Amino acid sequence: MKVLHLTNNYPTKKYPISGIFVKEQIDSLEDIGIDTEVYLVNGRENGKLEYLKEIFRIRRFLKNRQFDVIHCHHALTALTLILSGKAKKSKVVVSFQNDPTHEFGLKLFSFIQKRTDAWIFKNNSSLISSSNHYYLPNGVNTGFFQPIDKKEACKKLGLDEGKRYLLFVSSNFMREQKRYDIFTEVLRILREKHGLNDLEELKLINTKRELVPYYFNAASVHLLSSDFEGSPNSVKEAMACETPVVSTNVGNVEELLEKVNSSYVAEANDPEELASLVLQSLNKPENNSREILIQKKLDIVSVAKKLQDLYASLIN
């Protein structure tokens with residue numbers, strides 16, 4: 001089985017952790033014997049015009065190449081492939097990183113759906129309506145993300161072992177949807193109204209991958225304050241490290257955190273409510289999140305095998 005991964009989100013020299021979850025998913029597929037190739041549409045660094053240029057480049061690239069499956073990560077790469085005229089050469093799978101309503105809207109989703117073969121949603125979207133719609137969040141490398149002694153993690157990052165840390169995560173740059181303004185307001189409320197003067201912010205943005213598990217383990221709570229998400233990787237990574245999570249009700253977070261001790265989902269994007277939930281989380285140290293994550297088969301190997309089955313079903 002030969003699979004081409006067409007993506008606009010993949011690590012580069014400038015952004016070494018951009019799209020790291022896409023790379024790790026592809027690596028996991030190679031580990032179970034799938035022959036993969038990656039084609040990067042680098043719109044992030046080269047601008048939106050890059051997508052127009054890539055229509056012709058992809059056409060040339062696929063002229064004399066044959067793949068069993070072309071897996072497009074993000075709606076824009078799927079659109080680029082369709083406009084190249086080469087979408088019919090292989091079975092085409094499209095992964096939406098967010099709910100399609102937040103990925104250029106329903107008109108583009110409808111256009112893509114009519115011209116491709118299968119669609120992967122990271123959240124349990126209301127748009128899932130047929131056998132070729134798949135709810136499949138990204139998996140987590142539970143060997144890489146695992147519990148580490150908090151003092152060891154703080155020492156590794158040069159943090160004060162006597163402090164508690166509230167973790168903010170925004171991959172390779174400060175994305176507006178992550179609502180850092182809400183995060184800072186929650187931290188202010190916890191300090192000024194609840195007297196948590198030992199609580200500090202800890203930001204995880206464009207950090208070397210090998211250090212990322214230390215951030216989760218150094219944190220007392222990971223606060224996700226986003227306006228919208230698909231299936232946020234930071235929540236699953238925190239779960240693998242047994243770090244409590246408090247989150248706005250976005251993507252599939254409520255489902256991820258179901259039955260997890262010391263983790264909570266807010267009813268609204270309200271800083272007061274989020275602060276109250278962080279306080280509860282800090283006072284309830286028991287955590288079974290890693291166990292729940294594995295039970296839900298959201299480790300990277302289980303997800304790779306599900307993807308392999310999906311590809312095989314399309315080919316056959």
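# Questions on a predicted model

Tutor: The buried residues of α11 pack against β7, α7 (180-192), β9, β10 (245-247) and β11. The model discussed here is predicted.

Student: How many residues does helix α11 have, and what span would be expected at 1.5 Å a residue?

Tutor: Helix α11 covers residues 271-282. From the first C-alpha to the last, this helix reaches 16 Å, which is close to expectation. The count is twelve residues and the expected span is 16 Å.

Student: What arc do the buried residues of α11 cover around the axis?

Tutor: The buried residues of α11 are P271, L274, A275, L277, V278, S281 and L282. They lie on the same side of α11, because the arc that they cover around the axis is only 165°.

Student: Over how many bridges do β7 and β9 pair?

Tutor: Strand β9 spans residues 221-224 and pairs with β7 in the parallel sense. In this pairing L166 stands opposite V221 in β9. The number of bridges between β7 and β9 is two.

Student: Which elements do the buried residues of α6 pack against?

Tutor: In α6, the buried residues are A153, C154 and L157. They line one face of the helix, because their arc seen down the axis of α6 is within 100°. On the other side, K151 and K155 are exposed. The buried residues pack against β7 (164-169) and α8 (212-218).

Student: At the start of α6, which residue has a side-chain oxygen within 3.1 Å of the backbone nitrogen of K151?

Tutor: K151 is one of the exposed residues of α6. At the start of this helix, the backbone nitrogen of K151 is reached to within 3.1 Å by a side-chain oxygen of D149.

Student: Which residue takes a positive phi just after α6?

Tutor: The phi concerned is about 70°. The residue with this positive value, just after α6, is G158.

Student: How far is the sulfur of C241 from the closest cysteine sulfur, and in which residue is that sulfur?

Tutor: C241 counts as buried because its relative accessibility is 3%. A disulfide would need two cysteine sulfur atoms within 2.5 Å, and by this rule the count of disulfides is zero. For C241 the closest cysteine sulfur is too far for a bond, at 13 Å, in C154.

Student: Is C72 buried or exposed?

Tutor: The cut-off for burial is under 20% relative accessible area. The relative accessible area of C72 is 0%, so C72 is buried.

Student: Which residue has a side chain in polar contact with that of N138?

Tutor: N138 is in the loop between β6 (133-135) and α6 (150-157). N138 counts as buried because its relative accessibility is 5%. Leaving aside neighbours within four places in sequence, the contacts of N138 are F21, Q25, K122, N233, K236, L298 and V303. The polar contact between side chains, at 2.8 Å, is with K122.

Student: Which backbone oxygen does the side chain of T80 reach?

Tutor: T80 is in helix α4 (residues 75-84) and is buried, with a relative accessible area of 3%. Leaving aside neighbours within four places in sequence, T80 is in contact with Y51, E54, I55 and I58. The backbone oxygen that the T80 side chain reaches, at 2.8 Å, is that of L76.

Student: Which residue in β5 stands opposite F96?

Tutor: Strands β4 (residues 91-96) and β5 run parallel and are joined by four bridges. In β5 (residues 118-121), A118 and I120 point one way, W119 and F121 point the other way, and all are buried. The residue opposite F96 is F121.

Student: How far apart in space are E286 and V260, C-alpha to C-alpha?

Tutor: E286 is in the loop between α11 and α12 (289-295) and counts as partly exposed, with 47% relative accessibility. Leaving aside neighbours within four places in sequence, E286 is in contact with N261 and S262. In sequence, E286 and V260 are 26 residues apart, and in space their C-alpha separation is 9.4 Å.

Definitions and conventions:
Residues are numbered from 1 along each chain as its sequence is written. This is a predicted model: local features need pLDDT of at least 70, side-chain atom pairs count only at pLDDT 80 or more; totals for chains, interfaces and linings use all residues. Side-chain values use heavy atoms; hydrogens and water are left out. Buried means under 20% relative accessible area, exposed over 50%, partly exposed in between (1.4 Å probe, protein chains only). A polar contact is a pair of N or O atoms within 3.5 Å; within protein, one must be able to donate a hydrogen and the other to accept it, and residues adjacent in sequence count only if both atoms are side-chain atoms. Contact means heavy atoms within 4.5 Å. The arc is that of the directions from the helix axis to the C-beta atoms. Two strands pair if DSSP finds at least two bridges between them. The expected span of a helix is 1.5 Å times one less than its number of residues.
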